[in-house]
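Open the model in your viewer and keep the sequence beside it. This tour goes stop by stop, telling you what to select and what is there.

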Amino acid sequence: MKQGVAVLALLLLAGCGSAVQVEPPVPQGDAVAACTRLSPLLPATLDGAERTTSTPESPYVAVWGSAEIALRCGVPRPARMAATDQLAELDGVGWFADPTVPTLFTAVTSTAYVEVTIARTHEATGVLMELSGPVKKATG
């Protein structure tokens, strides 16, 4: 799960500049279409944070606030996720909470994995609940 940790580190180091640096994923197969559908469905404001741009720009990345919340669609299956792990289901979407990175969550769908990093200044359940509808619509 090096990618998730790298994204988290980038988010923590990001300043108040206009664009937040987030490494875009490279979706494969059905995930490409699902992630392309997801981008326009995402909210302009999430838990009080305005959507902003990322660098490099990518249709597979969305960022809110100054690196407070970041979403990457089409990431690989979480390395730490075991077949027996319980997922938290929110609005019909199963979310995997990384046990070693408490700010990292991954939506597990049949077409794409959607990774979300949420700063501790936000309430994770509320953010994931708001994202579940668009994720479900795009990947269903």
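Does D30 count as buried or exposed? Select D30 and look: D30 counts as exposed, because its relative accessibility is 59%. Here buried means under 20% relative accessible area, exposed over 50%, and partly exposed in between, with a 1.4 Å probe and protein chains only.

Before moving on, note that this is a predicted model, in which local features need pLDDT of at least 70 and side-chain atom pairs count only at pLDDT 80 or more, while totals for chains, interfaces and linings use all residues. Residues are numbered from 1 along each chain as its sequence is written, and side-chain values use heavy atoms, leaving out hydrogens and water.

**Around D30**

D30 sits in helix α2, residues 30–38. Helices (H or I, at least four residues) and strands (E, at least two) are DSSP runs, numbered from the N terminus. D30 and T111 are 81 residues apart in sequence, yet 5.6 Å apart in space, C-alpha to C-alpha.

**The whole chain**

Zoom out and color by secondary structure. The chain has three helices and nine strands. From the N terminus on, the order is α-β-α-β-β-β-β-β-β-β-β-α. Of its 140 residues, 46% count as buried.

**The disulfide**

Select C35 and C73. They form a disulfide, with sulfur atoms 2.0 Å apart. The term covers a pair of cysteine sulfur atoms within 2.5 Å. A search of the whole structure finds one disulfide. C35 lies in helix α2 and C73 in strand β5, so the pair ties together parts that are 38 residues apart in sequence. The link of C35 and C73 is left-handed, with -80 degrees about the S-S bond. C35 is buried, with a relative accessible area of 1%. C73 is buried too, with a relative accessible area of 1%.

**The cavity**

On a 1 Å grid over the protein atoms alone, a cavity is a set of points where a 1.4 Å probe fits but cannot get out, and lining residues have an atom within 4 Å of a point. The largest cavity holds about 40 Å³ of space. α2, β4 and β5 each supply at least two residues of its lining.

**The largest nonpolar core**

Next, select L38, W64, L71, W95, V116 and L131. Of the 27 residues in the largest nonpolar core, these touch the most other members. Such a core is a set of buried Ala, Val, Leu, Ile, Met, Phe, Trp, Tyr and Cys residues joined through side-chain atoms within 4.5 Å. The elements giving two or more residues to this core include α2, β4 (61–64), β5 (69–75) and α3 (124–139). α3 gives the most, with five residues.

Center on W95. Among the residues that W95 touches are L87, F105, V114, V116 and L131, not counting residues up to four places away in sequence. Contact means heavy atoms within 4.5 Å.

**Last stop: I118**

Where is I118? Select strand β9 to find I118. I118 is buried, with a relative accessible area of 3%. I118 and L71 are 47 residues apart in sequence and 8.9 Å apart in space, C-alpha to C-alpha. Show the contacts of I118: E68, I69, T103, F105, A124, V127 and L128, not counting residues up to four places away in sequence.

How values were computed. 1 Å grid on protein atoms, 1.4 Å probe; cavity = no way out; pocket = protein on both sides within 12 Å on 5 of 7 lines; lining within 4 Å. Points joined across faces, edges and corners; volume = space filled by probe spheres on them.
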